[in-house]
Structure formats: structure tokens, C-alpha cells
Amino acid sequence: MRMGRVIGSVVATRKDPSLDGTKLLVVQHLTLDMKPAGDYAIAVDAVGAGLSDVVLYAAGSSARQTELTRDRPVDAVIMAIVDSFDANGKTVRLT
Amino acid sequence: MRMGRVIGSVVATRKDPSLDGTKLLVVQHLTLDMKPAGDYAIAVDAVGAGLSDVVLYAAGSSARQTELTRDRPVDAVIMAIVDSFDANGKTVRLT
Amino acid sequence: MRMGRVIGSVVATRKDPSLDGTKLLVVQHLTLDMKPAGDYAIAVDAVGAGLSDVVLYAAGSSARQTELTRDRPVDAVIMAIVDSFDANGKTVRLT
Amino acid sequence: MRMGRVIGSVVATRKDPSLDGTKLLVVQHLTLDMKPAGDYAIAVDAVGAGLSDVVLYAAGSSARQTELTRDRPVDAVIMAIVDSFDANGKTVRLT
Amino acid sequence: MRMGRVIGSVVATRKDPSLDGTKLLVVQHLTLDMKPAGDYAIAVDAVGAGLSDVVLYAAGSSARQTELTRDRPVDAVIMAIVDSFDANGKTVRLT
């Protein structure tokens, strides 16, 4: 999974019908120092993430393994909201 | 999903028979500032996208999860046309 | 899908038995200006592509969605030969 | 698979219910010289890896091929702990 | 598929049980000029490749399409040993 911050959302009224009712969020990738990593993804939200939350998202076919996304044409799903993580002996608390 | 702009189309008369009737579009990746991101994809259009539309496309096996693309050898499908999005507090309207 | 030019082929007599009878081509990625993009792929040919043809290939599990490649350990298949394409208002004819 | 070092872990209480009981580890990619390769992944641990272990992880749908991860929305799984490896005639012992 | 040279192997006694009996090789990516391409993969060997062989490997779910790797958590499999290839009019013989 990759870690990123929710920095916005996408409105798309013309879309594959199977996507009705999904929320499309803009996720900015983050380095372990919490800096923007230069790339972003548009991901379906499966866990009620909000603006500025740090989240994990799964890509590829794994993005279709939630109730909400099963058999849908989506290749990225937010499947967890990060409370904290540690890396290299440093703990980062996010909530 | 990735966001990009439809900048053209591809004509291919010799192709896998399962692709008959699909429209192949050239999608230029975009940064969140709407600048070309240096890479492009050729994607099947599942939503009636037109030239210069900003779209979302799904890649990998997820590209086969629309009626049009099921069981076809395609790894990218346009599954939404973006009306607007916001990122970092700025709203971008596209239609 | 990605667009590339067929620049060669690979001979491999020791291989997974399921690959017998497949043709392995070397595909040079292309920019939209038809310049080499710095990377290449080895792809199974499903459409009778020839040397110097510009082709589309599909990657990942989608590469197994042709008659020829079904259930085979291949992650890239040439599924179309490009006749022409247009991008940014310019048309490129290839045949 | 890619090789990396376990450098931390992630705590996420709000997540897809299917992820309950999984351990999410931060894996720093490594070059063959055991230097950080500039990218990281968050992977589910399927083999009891500990902090500073060098591990292999599988990505994509293959990440769902362990007992622990089957049908879960995860795209990276640690499936082996590296004891040693050799590359270019040099052996690196890790345990 | 990508082309690379077998430059070593990995020993991992603690691993997902389904991986027992598989051989894990270190594959250095190659440019078409046979130079190291800066990245490597750890791949399961399905064809009896040896040290310094130039091989093709398939990634993703396609890596599970050999007898040896079916339903295993592996995302890269060596499925062919390259005898020779030609690219841009030059032939490279490897055996």
C-alpha cells in the first residue's frame, strides 16, 4: 500500500454507472517525512476518510476487494486511515 | 485512477477481434495544476469522452470491469469525465 | 495501453512449455512525437505485427485476454497495429 | 518480488473490517548494496517479520495469495524473511 | 516481460509455506545494449535458469501462470532463457 494525504475530491457526473455512490478523493503521496512525494492518485474512499486525513490505499485488483468496490472499474481504494506510524525509530502521530 | 486530458485518438484496423467497436483515445496525464505530466496512455473510452475532456481512467485488471471491456485485452479504460475537482483548497471547474 | 515500435525479436528455446508457438517481440516505447521513450518491453504478438510496425500492447493480466495468451505466463501482448493516430491536433500516419 | 528492510509499522484503527488482525509494516526498499532505494511500501506481514529484518514482499494480486490476505484489499505482502543472498559474486548474510 | 541477467540467489528459510521448493533468483534488469538498467527483481525460477543467464520474467498475476507458481504469493517468474535477440538490426547471441 502507499501512504498519502487526502487533499481534495473529484466531481464526475458522467461515469460508468457502477460508480454511482462512490466518493472519489485526491490523495497526495507522502514520503516518510510527511512531505508530498510528487505524485497523486484518485482513489475511491471505503472508510469515510476526510480532508487532510493520512490514509493507506491499495492499488490494482486489490482495490476491488471491498464491499463498495467489488466488480467496479476502480484501481485505487482507500482502505485505512492512519492514526500513527513509526519509521526509523521516530513516531508520527496523526490524530 | 489517474487524471488526464483526451488529446487524440488511435486508428487500428488490425487488432484483436475482441476490440472491434471500441474507441481508443490518447490520454495525456495531468498534474493537479493541469499541466501535462510527461506521460500518456492509450485507453478505451467507456463513457463517451470527447476531445479535450479531462477524464479519469483505471488501469490493470480494473480496466476490464465495464460492460464494454469485459474479457478484452485492454489495460486502461476511461470510466469518468471530470466536471470539477478541488485540491489543496483550490477548485478547478472543467465544464 | 502503451504505444511502441517493434524493433526486434527474441529467441528462447528453453521456456515454460505453455509458451511454445508464441512470437516474442521487442517493443521500443515511443513518445507522441515518435521518439524512443527510453524503455522497452518484450511482448507476445497476437496480431501478426512485423518489424518496424507501431503497435499497442496491453500489460498485466489483460495480456492474457487473447486466444493465444490465455492462462500463459506472459504480462505483455501486442493487441493492435496502429494505422494512424492524432494527438494535439497533429495526425501521424504510419501505414 | 522486491527486497526491503522493515523500518517500522502503521497503526490504523479505522480501516476496512477485513483488515482486522493484520500487521502493517513499513518496508524501505533496498539496493543490492543494502542502501535505501528511495521508496517504501506499507505491506501486510504474513511471516512474522520483525523490526530491521530484510524481507521480500510480493505486490499486486499476488499479495492476496496467503492465508492471511486472501480476498483482502491489500496490494503488498511480506512473504519471506531473507537469511542471505548473493549478487555479483558477493554474499550478504543478514541473520 | 522484462529482460535481465541472473546475478545471484536468495536464501530464505522463514517464508510462506507455499513457497517451499521454489528457487529465488536475483535478476538485474538490462538495457538492449546489455548494460545493467539500475533496477533488479527477485523472481522465482520456473525454467532452470543458471547464474549469468539472460532471462525473461513475467510480473504480476501472470507470474502465477506456471505449474510451479500457481496460487503462490509471487509476483515475478522467470519463464524463458534467452538464446539470442535482435534489436535495431543488431543480433546479440547469449549461448
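# Reading the contacts between chains

Modeller: Let us begin with one pair of residues: Ala80(E), in E6(E), is the bridge partner of Lys15(C). Keep in mind that this is a predicted model, in which local features need pLDDT of at least 70 and side-chain atom pairs count only at pLDDT 80 or more, while totals for chains, interfaces and linings use all residues. Residues are numbered from 1 along each chain as its sequence is written, and chains are lettered from A and ligands numbered from 1 in the order in which they are written.

Colleague: How many bridges join E2(C) to strand E6 of chain E?

Modeller: Strands are DSSP runs of E, at least two residues long, numbered from the N terminus, and two of them pair if DSSP finds at least two bridges between them. Here two bridges join E2(C) to E6(E), residues 76-81, and the strands run antiparallel.

Colleague: How many residues of chain C are in contact with chain E?

Modeller: Two residues are in contact if their C-beta atoms, placed from the backbone, lie within 7 Å. By that rule, 25 residues of chain C meet 26 residues of chain E. On the side of chain C that touches chain E, strands E1 (2-11), E2 (14-15) and E4 (36-45) each supply at least two residues, and E1(C) gives the most, with five.

Colleague: How do the residues on that side of chain C divide?

Modeller: Ala, Val, Leu, Ile, Met, Phe, Trp, Tyr, Cys and Pro count as nonpolar, Asp, Glu, Lys and Arg as charged, and the others, Gly among them, as polar. The side of chain C that touches chain E has 13 nonpolar, five polar and seven charged residues.

Colleague: Which rotation superposes chain D on chain A?

Modeller: Copies are superposed by least squares on the C-alpha atoms of residues with pLDDT of at least 70 in both. A rotation of 72 degrees, with 0.0 Å of shift along its axis, brings chain D onto chain A with an RMSD of 0.0 Å, which is the relation of a five-fold axis. The copies use different surfaces, since 12% of the contact residues of chain D recur in chain A. Chains A and E do not touch, and their nearest C-alpha atoms are 10 Å apart.

Colleague: How confident is the predictor, and what ipTM does the complex get?

Modeller: The complex has an ipTM of 0.95 and a pTM of 0.96. For pLDDT, the predictor's confidence in each residue from 0 to 100, the mean of chain A is 96, and 100% of its residues reach 70 or more.

Key
Helix = DSSP H or I, 4+ residues; strand = E, 2+ residues; numbered from the N terminus.
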